[in-house]
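Here are my notes on the charged pairs and one surface patch. Please read them with the model open.

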Amino acid sequence: MAKVSLDSSALKRFVGKHELAQMQTMVNAVDKDLRNGTGAGNDFTGWLHLPTQYDKDEFARIKKAAKKIQSDSQVLVVIGIGGSYLGARMAVDFLHNTFYEAQDAKDRKAPLVVFAGNSISSTYVHDLVQLVGDKDFSINIISKSGTTTEPSIAFRVFKKKLIDKYGLEEANKRIYATTDKARGALKKEADANGYESFIIPDNIGGRYSVLTPVGLLPIAVSGGDIDQLMAGAADAEKELDNTDLNTNPAYQYAAYRNILYRKGYTTELIENYEPNLKNFAEWWKQLVGESGGKDNKGIFPASANFTTDLHSFGQYIQEGRRNLIETVLKLDKPNYDVEIPAEDDNLDGLGYLEGKTMDWANTKAYQAVVAAHNDGGVPVMSVHLPDETAHTLGYAIYFFEVAIAISGYLNGVNPFNQPGVEAYKVNMFGLLGKPGFEEIGDKLRKSMKENED
């Protein structure tokens, strides 16, 4: 079976062989920190062996719950933010039809999985309520604490809709809580109302949680094969457990990122040539941004969708500031290919492409872009995904999880905390009038008034 692989051939003019070799000692050291649990944030490394040491009983309950939802619901509303949302959203997009949300139910063959609680947009919630309409639906509320503002607001809205439609007793049977095993507001509510509950492990942070019930239940409900997803991740766990920079592509990727960062390449664009990978980039951006952006250092994560974005900011990539790294997610075998048809008049000048396929042309575009950007001074790496299967997705998830963990340690930061995320929340609580934050709110309002004057 083909594996996820790294092509670093376009880095030759930017990174010498000796530079990669000189990283080996550092990689050996940080690998020990990660594997032996001696590094910073070691209490959040439960993801490391999750693909082979997950709770099999809970996994069976997830599949059983997914079948129930598939049998009684047309829609599953998944409520969460950040790591409680991005992984599942990425996987649903990766594994299904590009126009999954617009498909008829008979073609989709599973409930429509939609997402709420990832913003405080009133229009978004209103429109989603309209989309659900009078359809049969269930809720999967995902929150460690049960008090995070965005998902808590959305949960109130959709819980009311559920109770109004079914009554309290039946509504409680349609709410699935993914939360802490022992404490927190959501855990308390779930116990009081009899929601079926699944556990967010204490030793796995949000951005590393897609292979826990956080991601597995929505993916399974959508019709994704979570057995193969975990099998792919398990293969990656086994095959990426070595420090040899000649053979471990995830560690190569981490090492190259570190070398380039030290040379002033401070922004990394993850790029794709398939729209179904757009949300993979959104998941990756949280993984990279929260793991590496600390202590006034780190690579800034951004994304691009090609060839589309080549017609918008391709000019900047080609000739703008030389601080960019490009990492391409290249799908080697799409689910479908389309032959370019012949036309007698050839008015569009595409006669030379007649009989060839769109994927062939897409690959040639990828090769041309790599060459052009490389000549323009942009280092490019390509992570090759053999296909769009659940097995490949599981492998790719683990590949990036372990690579970004190693990247953080190489750069001297704790890759598993996110202290900066709390700053905006404190200010928001103050302006919203949350009890205990009144003084902060008063100071902010005073400051805003002074700025207006």
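Is R207 buried or exposed? The points below start there. Keep in mind that this is a predicted model.

1. R207 is buried, because its relative accessibility is 3% and the cut-off for buried is under 20%. Its side chain still has a charged partner: R207 forms a salt bridge with E290, with the closest N and O atoms 2.9 Å apart. R207 sits in the loop between strand 6 and helix 11, and E290 in helix 14 (residues 278–292), so this pair ties together parts 83 residues apart in sequence.

2. Salt bridges with shared partners join K144, D180, K181, R183 and D202 into one network. One of its links is K181 to D202, at 3.9 Å between the closest N and O atoms. That pair also connects distant parts of the chain, 21 residues apart. K181 is in the loop between strand 5 (175–179) and helix 10 (185–193). D202 is in the loop between strand 6 (196–199) and helix 11 (213–221). D202 is partly exposed, because its relative accessibility is 34%.

3. K106 and D107 pair through their side chains in a salt bridge, 3.5 Å from N to O. K106 counts as exposed because its relative accessibility is 62%. D107, at 42%, counts as partly exposed.

4. The salt-bridge count comes to 24.

5. The surface also has a nonpolar patch, formed by I120, I153 and V157. Together they have about 240 Å² of accessible area. V157 lies in helix 8 (residues 149–166). V157 counts as partly exposed, because its relative accessibility is 34%.

Definitions and conventions: Residues numbered from 1 in each chain as written. Predicted model: local features only at pLDDT ≥ 70, side-chain atom pairs only at ≥ 80, totals over all residues. Heavy atoms only, no water. Patch = residues over 30% accessible without salt bridge, like charges linked within 9 Å, V, L, I, M, F, W, Y side chains within 5 Å. Areas by Shrake-Rupley, 256 points an atom, 1.4 Å probe, with all protein chains shown as cover. Salt bridge = Lys/Arg side-chain N within 4 Å of Asp/Glu carboxyl O. Helix = DSSP H or I, 4+ residues; strand = E, 2+ residues; numbered from the N terminus. Buried < 20%, exposed > 50% of the residue type's maximum accessible area, 1.4 Å probe, protein only.
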